[in-house]
Amino acid sequence: MKKHLFPPTTQVGSGRQFAPLRRLDKSASDMMGRMRRRPYSPPLQAGIVAVFLAAMGPTATFGLQSSTAAPIESTDTRTTTEQATQAFLEAINQLRLEAQSSPLRLSGPLSQAARILLDKALLGSANSYFDAAARLTREDLRSSGYEPNQFVDGLASSNGDPADLVAFWRQSDPKSLENFLGSSLRDFGLAAEAWPNQSIYALVAATSQTEINQPFIEQLSDLETVRQQLLDRVNEERKRRRLGPLRPNRALNSAAQTYADRMMREGFYGHVSPRGDTVLERAQASGYDPELTGENLASGQPTAEQAMANWMASKGHRGNILAPSFRDVGFGVSVLESEGELKVLWVQCFGAQ
């Protein structure tokens with residue numbers, strides 16, 4: 001998700017088109033056009049080094065591992081995998097409980113992703129090798145129906161049961177095990193392959209982008225609260241400069257919200273719409289007949305506080321917020337989650353009659 005401030009616009013109420021006032025200089029505008037939102041969740045941990053545990057041996061082994069025989073077909077593979085998955089999940093969740101992390105939940109899509117990892121690791125039954133350094137990518141998880149915010153993966157082999165393997169893992173390589181105990185992880189998936197003298201396991205733990213987005217979506221869906229937050233912040237800034245407060249205006253709220261939703265729906269972003277209408281015309285269409293009107297736009301900020309902080313950091317947008325000539329204000333925010341990406345559009349509509 002990108003974060004962007006569009007240069008502000010100000011128009012007089014005659015209906016004539018004027019060059020926008022208080023624009024950013026070109027270099028600043030270009031710079032902000034390239035800004036990207038910093039993650040508001042823990043940083044991505046894609047491709048944590050795969051952990052390979054030798055079959056209950058005294059040390060952990062990395063790289064290619066030779067097996068004495070090729071994989072065999074099991075008549076009850078599904079039951080075996082389900083039992084192994086449950087055993088792994090119980091063992092790992094017990095350690096997460098000790099680490100004061102919430103338990104992982106079994107995820108079907110992550111189990112599909114684990115199968116992809118296992119297939120990558122199995123280099124073919126003809127030569128009886130598997131690659132312990134095989135890794136998942138974000139695209140692998142997406143192809144399994146899981147949009148990741150962060151994930152860890154690993155490979156392990158054992159001729160014992162999963163609980164014993166996790167116990168050995170804790171003893172022999174606790175640092176790699178800690179990757180699966182992180183408090184930010186939520187979901188778990190596993191795939192298993194039965195070989196004559198051991199079983200091969202692929203493990204994945206992750207947090208979905210949807211889960212990260214959901215709190216912000218819920219907050220932004222309370223439009224009245226969001227508008228009050230924005231109004232309070234605007235008037236705090238004006239009060240510091242000994243300026244009179246702006247009044248919330250229903251017509252300007254309608255103009256701002258309608259335009260935010262329209263930009264989101266039609267996939268454009270700017271003060272002049274593809275149809276050619278401007279903030280002046282949109283305010284008039286909502287029942288507000290201004291002598292002067294202005295507009296601030298922003299995209300990508302997940303909270304009202306961040307949107308205001310970005311506006312106040314921009315000379316042009318700050319100029320609209322602090323303009324002595326404005327008396328009224330309205331706010332709009334539109335939210336859309338698409339393929340795990342949270343898209344947010346913000347509109348401030350200022351006016352004076």
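**Helix packing, a sheet and its salt bridges**

The axes of helix α8 (residues 223-240) and helix α11 (residues 304-312) come within 9 Å of each other, crossing at roughly 35°. This is a predicted model, so let's walk through it with that in mind.

Visitor: What is the handedness of the crossing where α8 passes α11?
Guide: Start with the two axes, which cross at roughly 35°. Look at how α8 passes α11 there: the crossing is right-handed.

Visitor: How many residues of the contact of α8 with α11 are nonpolar?
Guide: On the α8 side you'll find Val226, Gln229, Leu230, Arg233, Val234 and Glu237, and they meet Ala304, Glu305, Met308, Trp311 and Met312 in α11. Of these residues, 1 is polar and 3 are charged, while the nonpolar ones number 7.

Visitor: Which residues are linked with Arg233 in a network of salt bridges?
Guide: Arg233 sits in α8 and takes part in the contact with α11, as does Glu305 from the α11 side. The network ties Arg233 to Glu236, Glu237, Arg240, Arg241 and Glu305.

Visitor: Glutamate 224 and arginine 227 meet in a salt bridge, but which of the two counts as buried?
Guide: Both lie in helix α8, 3 residues apart, about one turn of the helix, and their N to O distance is 3.5 Å. Buried means under 20% relative accessible area. Glutamate 224 has 56%, so it counts as exposed. At 12%, the buried one is arginine 227.

Visitor: Over in the open sheet, what is the order of the 4 strands?
Guide: The edges are β3 (105-106) and β5 (148-158), each pairing on one side only. β3 is joined by 2 bridges to β6 (residues 187-194), and those two run parallel. With mixed pairing overall, the order reads β3-β6-β7-β5.

Visitor: Which residue in β6 stands opposite arginine 105?
Guide: Arginine 105 belongs to strand β3, which runs parallel to β6. Its opposite number there is aspartate 187.

Visitor: Which glutamate meets arginine 105 in a salt bridge?
Guide: The N to O distance is 2.6 Å, and the pair links distant parts of the chain, with the partner 106 residues away in helix α7 (residues 209-221). Arginine 105 has 40% relative accessibility, so it counts as partly exposed. The partner is partly exposed too, at 28%, and it is glutamate 211.

Visitor: What is the N to O distance between arginine 186 and glutamate 211?
Guide: Arginine 186 lies in the loop between α6 (174-178) and β6, 25 residues from glutamate 211. With a relative accessible area of 26%, arginine 186 is partly exposed. The two side chains meet in a salt bridge at 3.4 Å.

Conventions:
Residues are numbered from 1 along each chain as its sequence is written. This is a predicted model: local features need pLDDT of at least 70, side-chain atom pairs count only at pLDDT 80 or more; totals for chains, interfaces and linings use all residues. Side-chain values use heavy atoms; hydrogens and water are left out. Two strands pair if DSSP finds at least two bridges between them. Axes are lines fitted to C-alpha atoms, for helices over the stretch in contact, and angles run from 0 to 180 degrees between N-to-C directions. A crossing is left-handed if the near helix is turned anticlockwise from the far one by less than a right angle, and right-handed if clockwise. Contact means heavy atoms within 4.5 Å. Ala, Val, Leu, Ile, Met, Phe, Trp, Tyr, Cys and Pro count as nonpolar, Asp, Glu, Lys and Arg as charged, and the others, Gly among them, as polar. A salt bridge is a side-chain nitrogen of Lys or Arg within 4 Å of a carboxyl oxygen of Asp or Glu. Buried means under 20% relative accessible area, exposed over 50%, partly exposed in between (1.4 Å probe, protein chains only).
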